[in-house]
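Please open the model in a viewer and keep the selection tool at hand.

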Amino acid sequence: MQTLTTDVLVVGGGTGGTAAAIQAARRGVNTILVSEFPWLGGMLTSAGVSAPDGNELAAFQTGIWGAFLQELERRQPGSLDQGWVSFFTYDPRIGAQIFADWVAALPNLHWITGQIPLEVLKQDDHITGIRFADYTIAAQVILDGTELGDLLALAEIPHRWGWELQAEFGEPSAPLTTNALTQTYPVQAPTWVVVMRDYGEGQSAPEIPVPPNYNPALFQEAWDNYGGEQFLNYGRWAGNHFMINWPIHGNDYGEGIHRLMGSPTGQQQFLQEACWHSQSFARYIQTQLGQRYGLAADIFPSLPTSFGGGAYALHPYFRESRRLKGLTTIREQDILPIVRGSAASLPVTVWAEGCMQVENVCDAIAIGNYANDHHYPSGEIPLKPKSLRWGGRWTGTPFTIPYRSLVPVKTDGFLVCEKNISVSHIANGATRLQPLVLGIGQAAGMAAALCVEQGCQPRDLDVRSLQEALLTDAIAPAAVIPLFNLVINHPDWLNWQRYYLDHPEAYPAAGNCPLQHPSMPAKTHLANPSTKGQTLAGTYTRVDAQTYMLEVKSPDALSERTFTLVTLNPDVDQKLAELSQAQRITVEGRINLAGNWVLATAIIVETAL
């Protein structure tokens, strides 16, 4: 067994763990990243969910998340907007290669694959190292980036698994008492993603084998409200590939999910069943929609110790894990918008600076905006809404993650950086999404590096120094305050981020800051890279306050088609609201046939001569 020592050790190569390791190393500290699988990125890559949700607006595309989108566009030019569940659908092989390249560019980051943690080494309440099958690694700061919060269990750090009743946190959507749902599905259902492709008109794909316990009745209503073609286009990406991650009578699987927390044998049984369930769904799709649809067998590497590989992701998309009991817990009311507002209030706390206690310190370190989305095989549950119409479409209301939710109550030398943050079961439905977890990981990695630099424990880190480091990072500066109308390349961006950190009580309920300079032209935005290069002329119509249509005539003027007109850019959003009915406009953007929309980056109003 090899013994290694480093400044920062990240265990788990998922979405948060990958971001944490990259950020810690970019800060300059020696970092080791240990992953189970040969792909980095977790949900975004090895779990196959290459259609990320949330933080899609241009103002929220910052940090490693924004850099990832820009690199995707560079490597998969002009083809990110193919499906209708996300504005960004891509080949997961490309995503995995991006992360691998970023890691390889850092000489102080050592990546070890094929290892899982077996033991946590501790001195009293201080974690000092991790034992793997082939390595024992000591570090000043250790981060849990595993898919299921494995270090929390191994180290016996207080954590949660399952529902909290309303009496515990006062969450409006939490159940009053335990019931059949809370007992049968203690956490959200995972999904084993499978990738299919269209082999073409008149072609026959290889027949998908019948897995054990195949029951087509489970899937009979899967696309009843959509139709087969629209269902497939849900997660379409380039090359006629389809990400199958479908919640409605689809491949979510939660039967006996308690086995994930049990013996290795029980866990393996659950994983095998989940993979078979996706195989069953894929076969059902093929038998119902046509033999032209088959498995995309060359996507994921095959591993002898994994049920995945080929068309099947390397592991399930875990929506929920063990959750830390941290210095603070994010509750449902913390992610809901202010009354009559469009954004959640900022988290504030009492912070120690030397011998002084400073009140009303804002400790926001990452932003998210997705709706509160829960998955159970038995169907949806009623949740307080946190969405609004913006840019001609529905989006989630923004909220922030407090640094304290990454820090254990007592344990030193340790941070979490994945879905395992200190969050309630209800609020996890909004904090679990890929872009936000990238942001959590980036903040955790930066915090770990600063702890090494300053010689302090994570609980003693000056949070303002962490926020400043994130805002001014030389490679991927990250927003910590959500502002709809302020993109990262605006000259006032940094000033307003700092202002609301210093004056959290002044944060506007509408989520817009007062700008002293005009908004930057949309076509120069660093964010939203996938929509450049197409110009469309047509007639604009406003159906209601946030529903816009564009009627586009064919070049020969003999036919026409009407698209929904949407945008991710704040200046275009403002322009859409100001246009007159039946006005002729020219749009820079891109047509998405799967969603029947035009995603606009700039609008030019035609004037009569």
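Is glycine 396 buried or exposed? Glycine 396 is buried, with a relative accessible area of 6%; buried means under 20% relative accessible area, exposed over 50%, and partly exposed in between, with a 1.4 Å probe and protein chains only. Before going further, please note that this is a predicted model, in which local features need pLDDT of at least 70 and side-chain atom pairs count only at pLDDT 80 or more, while totals for chains, interfaces and linings use all residues. Residues are numbered from 1 along each chain as its sequence is written, and side-chain values use heavy atoms, with hydrogens and water left out.

**Around glycine 396**

Keep glycine 396 selected and display strand S17 (residues 393–396), in which it lies. Helices (H or I, at least four residues) and strands (E, at least two) are DSSP runs, numbered from the N terminus. Leaving aside neighbours within four places in sequence, glycine 396 is in contact (heavy atoms within 4.5 Å) with Asn369, Tyr370, Ala371, Lys386, Ser387 and Leu388.

**The nonpolar cores**

Select Leu143, Ile365 and Ile401, which touch the most other members of the largest nonpolar core, a set of 114 residues. Such a core consists of buried Ala, Val, Leu, Ile, Met, Phe, Trp, Tyr and Cys residues joined through side-chain atoms within 4.5 Å. Helix H11 (residues 434–454) gives the most to this core, with twelve residues. Then centre on isoleucine 365; not counting residues up to four places away in sequence, the residues it touches include Ile401, Leu406, Ala443, Val463 and Val480. A second, separate core holds 50 residues, among them Met43, Ala222, Leu260 and Tyr317.

**Helix H14**

Move to helix H14 (residues 570–578), where Pro570, Asp571, Val572, Asp573 and Leu576 are buried. The buried residues of H14 pack against strands S16 (387–390), S20 (535–544), S21 (547–553), S22 (560–567) and S24 (597–605).

**Aromatic pairs**

The whole structure contains 28 aromatic pairs. Rings of Phe, Tyr and Trp (its six-membered ring) pair if their centres lie within 6.5 Å; planes under 30 degrees apart count as stacked, over 60 as edge-to-face and the rest as tilted. Select tyrosine 253 and phenylalanine 270: their ring centres are 5.5 Å apart and their planes stand at 45 degrees, so the pair is tilted. Both residues of this pair, tyrosine 253 and phenylalanine 270, are buried. Now select tryptophan 390 and phenylalanine 484, a stacked pair with 6.2 Å centre to centre and 20 degrees between the planes. Tryptophan 390 lies in strand S16 and phenylalanine 484 in the loop between helix H12 (463–471) and helix H13 (493–502), so the pair ties together parts that are 94 residues apart in sequence. Tryptophan 390 and phenylalanine 484 are both buried.

**An aromatic cluster**

Select Trp84, Phe219, Trp223, Tyr226, Phe231, Tyr234, Trp246, Phe281 and Tyr284, which form one aromatic cluster.

**The second largest pocket**

End by selecting Glu36, Phe37, Ile116, Asp150 and Gln267, which lie nearest the centre of the second largest pocket among its 43 lining residues.

Terms used
1 Å grid on protein atoms, 1.4 Å probe; cavity = no way out; pocket = protein on both sides within 12 Å on 5 of 7 lines; lining within 4 Å.
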